[in-house]
Amino acid sequence: MTTIEPKTATKPIQAINVQQQNAALRADILSAVGRVIDHGQFILGPEVEALERQWAALCDTSHAVGVSNGTTALTLTLRALRVKSGDEVITAPNSFIASASAIVHAGARPRFADVGADYNLDPQAVERAITKQTRGIVVVHLGGRPAAMEALGVIAKRHGLWIVEDAAQAPSAKIHGQPVGSFGAAGCFSLHPLKTAGACGDAGIIVTNNGDLADRLRLLRNHGFTSRQEDCAHWGFNARLDAIQAAIVLTKLPHLQGWVTQRRANAAVYRENLPELVTLPPERAENFAVYQTFPILADQRDTLAEHLQSLDISTAVHYRVPMHLLDACVGLGYGVGDFPVAESQATRLLSLPIHEGLNESDILRVCEAVAGFYTR
Ligand SMILES: Cc1ncc(COP(=O)(O)O)c(C=O)c1O
């Protein structure tokens with residue numbers, strides 16, 4: 001009699017691991033939340049201050065200011081830099097929408113510049129995009145891979161511009177050992193739940209070495225109050241970092257380096273084992289990338305993603321439509337062909353699963369599945 005072998009079920013490989021990360025820290029997270037509920041200082045209490053101290057240390061900066069999310073971090077920073085109507089701020093067209101919407105919310109006009117083979121701003125394209133109205137550059141470290149800060153810094157200096165780093169996807173990434181976020185006038189981070197050490201809700205934080213800028217940010221996030229709700233120096237916002245979210249991020253911060261190490265190990269397995277048919281994200285020797293994502297360039301991207309999904313491997317596309325082609329940007333007057341590198345990459349980018357809950361054998365399974373697709 002012939003026996004039918006049961007089909008061995010393979011574990012799904014997810015692109016995202018929020019539940020897995022939180023389940024592992026559940027007891028710590030709940031007791032941190034309990035402590036805040038017990039002491040009752042929900043607004044700008046000891047947890048916010050502790051996270052600010054620890055985040056400033058992580059970024060090697062003298063100040064950190066906790067705010068309500070990463071988009072607000074960027075918007076308040078641009079406002080604190082006194083961006084005004086008629087000003088232009090340069091950024092990359094291939095980022096999350098907030099890199100550009102923050103410029104609009106601060107009252108200025110986003111001016112895009114094309115990216116290079118590393119998916120980050122191309123310094124020469126940035127220099128070509130500078131006009132008399134340009135005040136600064138929002139540099140995105142896309143996917144946790146640092147942008148060319150040295151070259152961008154030289155250009156910014158030559159034209160009298162400031163740089164704000166959109167480091168939302170890059171906590172603890174470094175260039176020559178220096179943490180991202182500490183290169184420009186300020187660095188803005190998102191602590192959104194999908195980020196590596198994310199909160200259980202919205203949260204964000206800004207770092208800077210400029211004490212005056214930090215003071216202005218503290219006013220802006222808290223209604224402009226200079227004392228407890230009596231003196232209001234400027235119109236501000238309610239944009240404070242929530243104490244419960246700060247407490248949750250504090251429980252995760254001691255794990256960040258371990259998670260980054262695992263993500264980098266996973267990236268190394270991809271680099272060794274992905275077929276040559278796909279293009280790997282370039283990595284400069286001086287950079288310490290933290291791999292919030294691992295975006296490859298792949299022919300037949302969407303069919304490859306379907307093939308991987310059929311094998312229980314989920315992927316993501318960051319980002320399918322470059323920002324200058326979104327309806328929100330129609331008023332800026334851009335069109336197809338304006339940023340050919342970003343546009344061409346957008347048709348081929350595919351983010352493979354990279355998170356710290358995956359190990360070498362998971363990543364090898366993804367590599368085999370990618371190779372299998374191209375040799376069908
Ligand atoms: C590059 C980038 N900038 C800004 C943001 C905005 O952060 P938040 O969602 O916390 O507002 C994000 C979040 O996804 C991001 O990835």
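**Ligand shell, helix packing and backbone geometry**

By class, 4 nonpolar, 9 polar and 2 charged residues form the shell around the ligand. Here Ala, Val, Leu, Ile, Met, Phe, Trp, Tyr, Cys and Pro count as nonpolar, Asp, Glu, Lys and Arg as charged, and the others, Gly among them, as polar. The model is predicted; local features need pLDDT of at least 70, side-chain atom pairs count only at pLDDT 80 or more, and totals for chains, interfaces and linings use all residues. Residues are numbered from 1 along each chain as its sequence is written.

Of the 15 residues around the ligand, Gly-70, Thr-71, Phe-96, Ala-168 and Ser-190 come nearest. A residue is near a molecule or strand if its C-beta atom, placed from the backbone, lies within 6 Å of it. Two helices, α4 (70–80) and α5 (98–105), each supply at least two residues of this shell.

The protein chain has 13 helices and 12 strands. Helices (H or I, at least four residues) and strands (E, at least two) are DSSP runs, numbered from the N terminus. The radius of gyration of the chain is 22 Å, close to the 21 Å that the globule rule gives for 376 residues, so the chain is as compact as a globular protein of that length. This radius is taken over C-alpha atoms, and the globule rule is 2.2 Å times the number of residues to the power 0.38. Along the principal axes, the C-alpha atoms fill a box of roughly 90 × 55 × 40 Å. Buried residues make up 48% of the 376 residues. A residue is buried if 20 or more other C-beta atoms lie within 10 Å of its own, exposed if 12 or fewer, and partly exposed in between; C-beta atoms are placed from the backbone. Among contacts with a separation of 6 or more, 70% join residues 24 or more positions apart. Two residues are in contact if their C-beta atoms, placed from the backbone, lie within 7 Å.

Helix α9 (residues 243–252) has 8 of its 10 residues buried, so it is largely enclosed by the rest of the structure. The buried set is Ala-243, Ile-244, Gln-245, Ala-246, Ala-247, Ile-248, Val-249 and Lys-252. These residues pack against α2, α3 (46–59), β1 (63–67) and α10 (256–273).

Two packed helices are described by the angle between their axes and the distance between the axes. Axes are lines fitted to C-alpha atoms, for helices over the stretch in contact, and angles run from 0 to 180 degrees between N-to-C directions. Helix α2 (residues 26–39) packs on α9 at an angle of about 145°, with the axes 9 Å apart. From α2, the contact uses Asp-28, Ile-29, Ala-32, Val-33, Arg-35 and Val-36. From α9, it uses Ala-243, Ile-244, Ala-247, Ile-248, Leu-250 and Thr-251. These contact residues divide into 9 nonpolar, 1 polar and 2 charged.

The axes of α10 and helix α13 (residues 360–374) come within 9 Å and cross at roughly 35°. Asn-266, Val-269, Tyr-270 and Asn-273 of α10 meet Glu-360, Ile-363, Leu-364 and Cys-367 of α13. This contact has 5 nonpolar, 2 polar and 1 charged residues.

In helix α8 (residues 211–221), the buried residues are Ala-214, Arg-216, Leu-217, Arg-218, Leu-219, Leu-220 and Arg-221. Their cover includes β1, α4 and β9 (204–208). His-223 follows α8 and has a positive phi, near 65°.

Most residues other than glycine have a negative phi, and most peptide bonds are trans. Ser-172 has a positive phi near 75°. Ser-172 is found in the loop between β5 (162–166) and β6 (174–175). It is buried, with 20 other C-beta atoms within 10 Å. Gln-300 also has a positive phi, of about 50°. Gln-300 lies in the loop between β11 (294–297) and α11. With 12 C-beta neighbours inside 10 Å, Gln-300 counts as exposed. A cis peptide bond joins His-318 and Tyr-319, with omega about 5°. Tyr-319 is in the loop between α11 (301–310) and α12 (340–346).

Gln-133 is found in the loop between α6 (123–129) and β4 (134–140). Gln-133 is exposed, with 12 other C-beta atoms within 10 Å. Not counting residues up to four places away in sequence, Gln-133 touches Gly-86, Asp-87 and Glu-88.
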